[in-house]
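Dear colleague,

Please find below the structure that I am handing over to you, together with its sequence. My findings follow directly after it.

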Amino acid sequence: VQLVESGGGLVQAGGSLRLSCAATGTIFSRYDVGWYRQVPGKQRDLVAGITSTRDTMYADSVKGRFTISRDNANATVHLQMNSLKSEDTGVYYCAVRWGVLLPDGRENYWGQGTQVTVSS
């Protein structure tokens, strides 16, 4: 499985970014997919996930601001991030897993990560 993220960058607080992740090498529609965020010195935290049946979950810190979606035809997952805050800054990693995504990221396939920086 190969995952390639895009869409990160620098944005002012209150702005928006849209992350995308393209998957190859797997039957994408059968996997749960999601996004984790990591800041220096801390573990990766699950920010948003979407199951193969399109159930979604969000970390409390991003509820109402972030929206995850998937396009199985193109094997892509997106994360629309609105009303960005400085605390949203970090490296965002796309992940897929056969089964429910776990907070600790066990058994995930990972992308290379994309930096998101929100300036206050």
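In this predicted model, C21 and C94 form a disulfide, with their sulfur atoms 2.1 Å apart. A search of the whole structure finds 1 disulfide. The torsion about the S-S bond of C21 and C94 is about -80 degrees, so the disulfide is left-handed. C21 belongs to strand 3 (residues 17–24) and C94 to strand 9 (residues 90–97), so the pair ties together parts that are 73 residues apart in sequence.

An open sheet of 4 strands runs in the order 1-3-8-7, and its pairing is antiparallel. At its edges are strand 1 (2–6) and strand 7, each of which pairs on one side only. From one strand to the next, the twist averages 15 degrees. The pairing of strand 1 with strand 3 is antiparallel and extends over 5 bridges. Within this part of the sheet, L3 stands opposite A23 in strand 3.

The aromatic residues deserve a separate paragraph. The count comes to 3 aromatic pairs. In one of them, the ring centres of Y31 and W98 are 5.3 Å apart and the planes stand at 75 degrees; the pair is edge-to-face because this angle is over 60 degrees. Y31 is found in the loop between strand 3 and strand 4 (32–38), and W98 in the loop between strand 9 and strand 10, so the pair ties together parts that are 67 residues apart in sequence. Are these two residues buried or exposed? Y31 counts as buried, because its relative accessibility is 13%, whereas W98, at 57%, counts as exposed.

Y36 and W110 form an edge-to-face aromatic pair as well, at 4.8 Å centre to centre and with 70 degrees between the planes. This pair links distant parts of the chain, with Y36 in strand 4 and W110 in strand 10, 74 residues apart. Y36 has a relative accessibility of 0% and therefore counts as buried. W110, at 29% relative accessibility, counts as partly exposed. Ring pairs link Y36, Y93 and W110 into a cluster.

Charged side chains are also placed over aromatic rings. R70 lies over the face of F28, where the distance to the ring centre is 4.8 Å.

Backbone torsions come next. Most residues other than glycine have a negative phi. R54 is placed in the loop between strand 5 (45–50) and strand 6. With a relative accessible area of 44%, R54 is partly exposed. E107, also a residue other than glycine, has a positive phi near 65 degrees. The place of E107 is in the loop between strand 9 and strand 10 (109–110), which is also the loop that holds W98. At 58% relative accessibility, E107 counts as exposed, because the value is over 50%.

S61 lies in the loop between strand 6 (56–58) and strand 7 (66–71). The relative accessible area of S61 is 42%, so the residue is partly exposed. The C-alpha atoms of S61 and K85 are separated by 10 Å, and the two residues are 24 residues apart along the chain.

Yours sincerely

Key:
Residues are numbered from 1 along each chain as its sequence is written. This is a predicted model: local features need pLDDT of at least 70, side-chain atom pairs count only at pLDDT 80 or more; totals for chains, interfaces and linings use all residues. Side-chain values use heavy atoms; hydrogens and water are left out. Helices (H or I, at least four residues) and strands (E, at least two) are DSSP runs, numbered from the N terminus. Buried means under 20% relative accessible area, exposed over 50%, partly exposed in between (1.4 Å probe, protein chains only). A disulfide is a pair of cysteine sulfur atoms within 2.5 Å. Two strands pair if DSSP finds at least two bridges between them. Axes are lines fitted to C-alpha atoms, for helices over the stretch in contact, and angles run from 0 to 180 degrees between N-to-C directions. Rings of Phe, Tyr and Trp (its six-membered ring) pair if their centres lie within 6.5 Å; planes under 30 degrees apart count as stacked, over 60 as edge-to-face and the rest as tilted. A charge sits over a ring if NZ of Lys or CZ of Arg is within 6 Å of the ring centre and within 35 degrees of the ring normal.
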